[in-house]
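Work through the exercises below with the structure in view. Each task is followed by its solution in steps.

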Amino acid sequence: MIDVLLGIFAGLGLFFVGMRLLSTHLKQSAGNRVRMIAARLARHRLLMMLLGAGAGAATQSTNAVTAAATGLATAQIISIREAFPLIACANIGTSVLVFLAAVDFHAAILAAAGACGLLFYLKLDQSPRHRAYVGAALAFVLILFGLDMVGEAAKGLRADPTLRGLFASLSGLPVAAFLVGAALVPVLQTAKTVAVVVAVLAQSGTLGPVEAVAAVIGANLTSAANVAFLTSGVSPMGRALGTYQAVLKVIGSGLALVALAAVLWVRPDLVATVDTRQAPFLVAVAYLVMQVGAYAVALAAERPIADRLSAMVARQIRDDPAEPRFISRAALLDPATATELAFKEHLDIVEGLATGLDRVRHDQPVSRPAHRDWPAIAHTLGDFLDALADRAEDEGIRRRTASLQRLHNLVLGLQPQIERLAENVARSGSDPAVSEPMAMMVESAHALLELFGGTCRSRDAFDRAQMTELTADRTPVTERIRLAVMSKNAAGVEVERDLFDCCITFERIIWLIRRYLLLSDEPGSPYLDIAADP
């Protein structure tokens with residue numbers, strides 16, 4: 001009995017190690033490839049469906065495909081609605097592993113292990129070009145070998161008299177099997193993993209066909225809550241697409257439950273009449289039908305679902321002023337996409353710099369919408385860039401990240417200078433002796449920051465060159481303003497100090513903008529390496 005349980009435990013261990021290795025070796029490279037291809041095929045639904053199914057089958061990770069789709073949708077390269085086929089069909093693609101678990105693949109394992117050993121003998125694992133794929137091949141062998149061990153060990157469960165009686169007592173109780181499958185999801189993480197284990201157990205004769213199908217339905221339904229929980233702390237777009245994935249699982253499970261209940265109501269003797277040898281195949285078919293049926297139903301309501309999720313993204317950003325629009329911790333899983341998302345977030349922050357002076361502008365309308373918390377978002381982006389620099393392995397990504405960090409540090413330096421200028425004007429700007437020069441500096445700084453934001457958003461080299469010329473040394477101008485006020489002896493000491501500080505702060509803002517523009521043309525700058533928005 002102990003040997004049987006240890007065999008199942010060891011087999012599951014190899015299976016989980018293989019799944020983790022497969023994810024590690026293929027998630028980033030496949031995610032990058034999916035991202036590039038999807039950007040070109042966004043308007044071709046059938047091709048996007050094939051891409052999603054292929055990526056899901058290759059990586060066996062809907063999360064990897066969802067992360068790529070989230071990055072594309074967040075960067076506004078594809079719409080939320082155009083991301084749906086990728087995610088839905090990635091679920092379909094993962095059913096390949098469930099079908100593999102439903103067949104006797106002992107001979108295939110031996111062949112795959114020999115082929116994998118040959119790849120290592122040829123030292124292809126040391127090639128930068130092939131290393132990830134050789135590692136994925138080894139992971140695939142571990143997955144198959146682990147499943148084979150579980151299946152062989154599970155056959156011993158039927159030989160134990162106590163367990164044989166337990167299985168006999170559970171026979172014909174699909175509701176109990178449904179609850180067991182639902183309870184396994186928090187342990188095994190995904191419905192696909194539960195379906196694979198159930199298929200292997202059914203192949204060994206441990207589970208009957210109806211009970212096995214009911215367990216897979218329960219796992220698929222519970223995984224909807226698991227997906228919602230895992231995406232609760234990511235970006236608004238990630239939460240929206242996670243919600244779509246959860247909706248798919250609820251729809252698929254509901255359809256399967258209705259179908260199974262209808263069949264059992266029409267044929268109550270089905271449990272006793274179905275051939276147990278068909279159980280693994282029925283499990284795989286049930287899992288596949290749930291994914292296909294869910295997408296077919298969701299397809300009919302695709303437009304209202306997309307509109308609702310788009311509104312949810314906008315509401316989440318509006319309700320939390322400190323919520324970034326583009327970045328999240330989940331984006332770090334795909335460093336290539338993360339650099340683009342970070343740059344978009346950075347451009348938003350640059351455009352928001354001018355709003356720091358709104359409260360001291362005399363021409364500002366009385367009623368205006370609340371601004372986002374740009375300082376908080378800027379510090380969040382700074383932490384994100386630090387994490388990205390630690391994770392990035394590609395030299396090009398590291399170079400772009402380092403350049404963006406230098407640019408963003410200048411923006412982090414601009415924000416307190418803008419706040420300092422606003423505080424000085426708010427404190428002394430009502431004094432008649434300095435009100436006019438302070439108002440002029442505020443309006444000049446505001447116009448300069450708005451022009452700076454528009455120039456950065458355009459990503460045009462000529463515009464940046466013109467802006468660089470515009471931000472030449474303005475010290476003589478501010479010095480004349482200060483001396484003119486002091487010569488009249490009309491202002492008090494504290495007011496003159498505030499005016500002097502305003503002049504220095506204004507010069508500092510100009511210097512930081514100029515420094516930023518000069519750095520924007522350095523090698524590796526995102527202004528040079530990342531294509532402009534259409």
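This is a predicted model: local features need pLDDT of at least 70, side-chain atom pairs count only at pLDDT 80 or more; totals for chains, interfaces and linings use all residues.

α18 crosses α19 in a left-handed sense.

**Exercise 1.** Find how helix α18 is oriented to helix α19, and which residues make the contact.

Solution. 
- Step 1. Locate the helices: α18 covers residues 395-428 and α19 covers residues 435-458.
- Step 2. Take the geometry: the two axes come within 10 Å and cross at roughly 155°.
- Step 3. Angles over 145 degrees count as roughly antiparallel, so α18 is roughly antiparallel to α19.
- Step 4. List the contact: α18 supplies L414, I418, L421, N424, V425 and S428, while α19 supplies M438, V442, A445, L449 and F452.
- Step 5. Sort these residues by class: nine are nonpolar, two are polar and none is charged.

**Exercise 2.** Describe how α16 packs on α19.

Solution. 
- Step 1. Helix α16 spans residues 335-351, and its axis lies 8 Å from that of α19, at an angle of about 160°.
- Step 2. This angle makes α16 roughly antiparallel to α19.
- Step 3. The handedness of the α16 and α19 crossing is left-handed.
- Step 4. On the α16 side the contact involves L347, D348, V350 and E351; on the α19 side, F452, G453, C456 and R457.
- Step 5. The classes in the contact of α16 with α19 are four nonpolar, one polar and three charged.

**Exercise 3.** Determine the orientation and handedness for α2 and α4.

Solution. 
- Step 1. Helix α2 (residues 45-59) and helix α4 (residues 80-93) have axes that come within 7 Å and cross at roughly 40°.
- Step 2. Because of this angle, α2 is oblique to α4.
- Step 3. The α2 and α4 crossing is right-handed.
- Step 4. From α2, the residues R45, M48, M49, L51, G52, A53, G56 and A57 meet R81, E82, P85, L86, C89, A90 and G93 of α4.
- Step 5. Nine nonpolar, three polar and three charged residues make up the contact of α2 with α4.

**Exercise 4.** Is N220 buried or exposed, and which residues does N220 touch?

Solution. 
- Step 1. The relative accessibility of N220 is 1%, and buried means under 20%, so N220 counts as buried.
- Step 2. Leaving out residues up to four places away in sequence, N220 touches A191, K249, G252, S253, M290 and Q291.
- Step 3. With Q291, the side chain of N220 forms a side-chain polar contact of 3.4 Å.

Technical notes. Residues are numbered from 1 along each chain as its sequence is written. Side-chain values use heavy atoms; hydrogens and water are left out. Axes are lines fitted to C-alpha atoms, for helices over the stretch in contact, and angles run from 0 to 180 degrees between N-to-C directions. Helices (H or I, at least four residues) and strands (E, at least two) are DSSP runs, numbered from the N terminus. Angles under 35 degrees count as roughly parallel, over 145 as roughly antiparallel, 65 to 115 as roughly perpendicular and the rest as oblique. A crossing is left-handed if the near helix is turned anticlockwise from the far one by less than a right angle, and right-handed if clockwise. Contact means heavy atoms within 4.5 Å. Ala, Val, Leu, Ile, Met, Phe, Trp, Tyr, Cys and Pro count as nonpolar, Asp, Glu, Lys and Arg as charged, and the others, Gly among them, as polar. Buried means under 20% relative accessible area, exposed over 50%, partly exposed in between (1.4 Å probe, protein chains only). A polar contact is a pair of N or O atoms within 3.5 Å; within protein, one must be able to donate a hydrogen and the other to accept it, and residues adjacent in sequence count only if both atoms are side-chain atoms.
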